[in-house]
Each structure stands twice: as C-alpha cells, then as structure tokens.
Amino acid sequence: MSVSRQAPGRSRQAPGGAVPVRVSHTPTTTRFLAPGTGVSAHRHEVHQVVYAGRGVLSVTTEAGSWVAPATRALWVPVGTLHEHRAYGRTVLHGVGLPVDANPLGLDRPAVLAVGPLLRELIIAYSRPGTDPEAAESRRLLAVLLDQLRHAPQQPLHLPTARDPRLAAVCAILQNDPADPRPLAELGAHAGAGARTLTRLFRAEMGMTFPQWRTQLRLHHALLLLSDGVTVTAVAHRCGWASASAFIDAFRRAFGCTPGSYRARNESPPG
C-alpha cells in the first residue's frame, strides 16, 4: 500500500472502471501514519479488519465514510475500493482474512466494537514479522474470528448523498457542524422543502436528519480531539448545548469519555 498526504479522492472509479485500481497484497500489516496522511485507493483480494491502536482512522468508499477511534475497528469486505486517512498520530493494524472466513456475514464496510481481548488479538496477529502459516498464528486467527463473530456493529457511517439538494444541505453542515438551523431553513438554501429533505434522508441515508447530524458531529468531534482540542471547545464547535451533553453522547457512541479518549491518544504508543 502506498501512503499519500492527499485527502481521500472522490474521482476514482470503482473496480472494473476505466481507471486501473491498485490491488494491495499486504492486508496484514502494522503501519505508523503521521497526522493527515492516508493510504491511497486500493482493494484487497481478501477481507480486512482495520484497527487504529492509536489515533483515528477513516475508511472512505463511494458509498460514504466510516470512522473509528481505538475502541472501534473497521470491517472492509473483499474487493471494496477504499481509502484510509489518519487523524492524529495513528498506528494502523490491518488483519487479512480469507475470503471464505466472513465471521460477520457482511458484504459492506462496518464499524465494530473492540473489547480488550479483540484489541490484543488484532495487535498480536498484525505484529511485523509474524508468519501467518505458523501454528501460533493459526491459533490466534481462530480466536480472533470467534471474537469478531460477537463484535457488535456500531452506527458510525456517514453515507454519501446522491441527490444534489440533499448533498447541498450535507455540505453546509459538514463545513459547520455546529450550525443550529432546522431542516426547513437549511433546505431554503438548497431549493428543497423540509418534507422532501426528510424523505431523502430516510431514502438515501437510512436515518433521520437528527440522527445524521449527530453522526456528523461525532465524526467531527473525533477529529478535533485527535488534534488536541479541549473537550469544552469540541462540544461548542460541534453544536452540543453543553460539555456534559457532549460527554454523554460520546460515551454512548464510543464506550469512553472524550477526556479519557484524548488522554489515551496523548500517551506514548503501546
């Protein structure tokens, strides 16, 4: 995989298009990524679990983006054209899984909860120099697959809007997640009424407008925390009424407080 300092592109075509797509043959790996770096568009011939032992990692496809801190991992099915981007100093662990080993039964990317045991299994299996054919590695992989079967999926997906009116509303809030205007006011700038946009959010995003806005704010909060912004400032810049409201929403989504999450990212990598 090649590392790029460019943001994930939107113009690359899916596998089978006119633009050649690179196939990565190193799905099991540990990499250290500087803030703002990324892994350019590629796909794997196997499934992959991607985990940031430190920092925040995003996966972007034509269908949208998924983001995960160190309490979450990303599932990338075989053949999925995707890009990574690192926020903060990031340690990327990738685990390749055989095509016939799909413990989740998923054919799309997803965010998974990562408990202490699954975390250590991913780190151990992706350690540099590990021989996947060794007996110890096969035992690690067997337990890792068992743990993945029971890993809860997390609703941390920001789908890509297709309708231009919906895309215009999403762009306004992506530029300023704290914008408090209701859907009717935002729609006035996009040439669509609240009823039309409400229908489009359900049809294209699979969620309501308030649910989507919360997801956007949580995504943005992760990135700000990775940049060292204080919890109170993050709450204000992402549109929460108070720091306590932000802390509660963050704990429900990620299983830890924003303060403990930031402290973990500020400590030396383990």
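A residue counts as exposed when its relative accessible area is over 50%. In this predicted model, Gly105 comes out at 61% relative accessibility, so Gly105 goes down as exposed. Where does Gly105 sit? Its place is the loop that links strand S8 (82–97) with strand S9 (110–113). Along the chain, Gly105 is 28 residues away from Pro77, yet the C-alpha atoms of Gly105 and Pro77 lie 9.6 Å apart in space.

Now for the inside. The largest nonpolar core has 34 residues, and the ones touching the most other members are Leu74, Val234, Trp240, Phe246 and Phe250. Take Phe250: leaving aside residues up to four places away in sequence, Phe250 touches Leu218, Leu222 and Leu225, along with Gly255, Cys256, Thr257, Pro258 and Tyr261. There is also a second, separate core, made of 23 residues, with Ile123, Tyr125, Leu144 and Leu145 among them.

Helix H6 turns up again in a helix pair. Helix H3 (residues 164–175) packs with H6 at an angle of about 35°, and the two axes are 10 Å apart. The crossing of this pair is right-handed. Which residues make the contact? From H3 come Cys170, Leu173 and Gln174, while H6 brings Phe209, Trp212, Arg213 and Leu216. Sorted by type, the residues of this contact are five nonpolar, one polar and one charged.

Notes. Residues are numbered from 1 along each chain as its sequence is written. This is a predicted model: local features need pLDDT of at least 70, side-chain atom pairs count only at pLDDT 80 or more; totals for chains, interfaces and linings use all residues. Side-chain values use heavy atoms; hydrogens and water are left out. Helices (H or I, at least four residues) and strands (E, at least two) are DSSP runs, numbered from the N terminus. Buried means under 20% relative accessible area, exposed over 50%, partly exposed in between (1.4 Å probe, protein chains only). A nonpolar core is a set of buried Ala, Val, Leu, Ile, Met, Phe, Trp, Tyr and Cys residues joined through side-chain atoms within 4.5 Å. Contact means heavy atoms within 4.5 Å. Axes are lines fitted to C-alpha atoms, for helices over the stretch in contact, and angles run from 0 to 180 degrees between N-to-C directions. A crossing is left-handed if the near helix is turned anticlockwise from the far one by less than a right angle, and right-handed if clockwise. Ala, Val, Leu, Ile, Met, Phe, Trp, Tyr, Cys and Pro count as nonpolar, Asp, Glu, Lys and Arg as charged, and the others, Gly among them, as polar.
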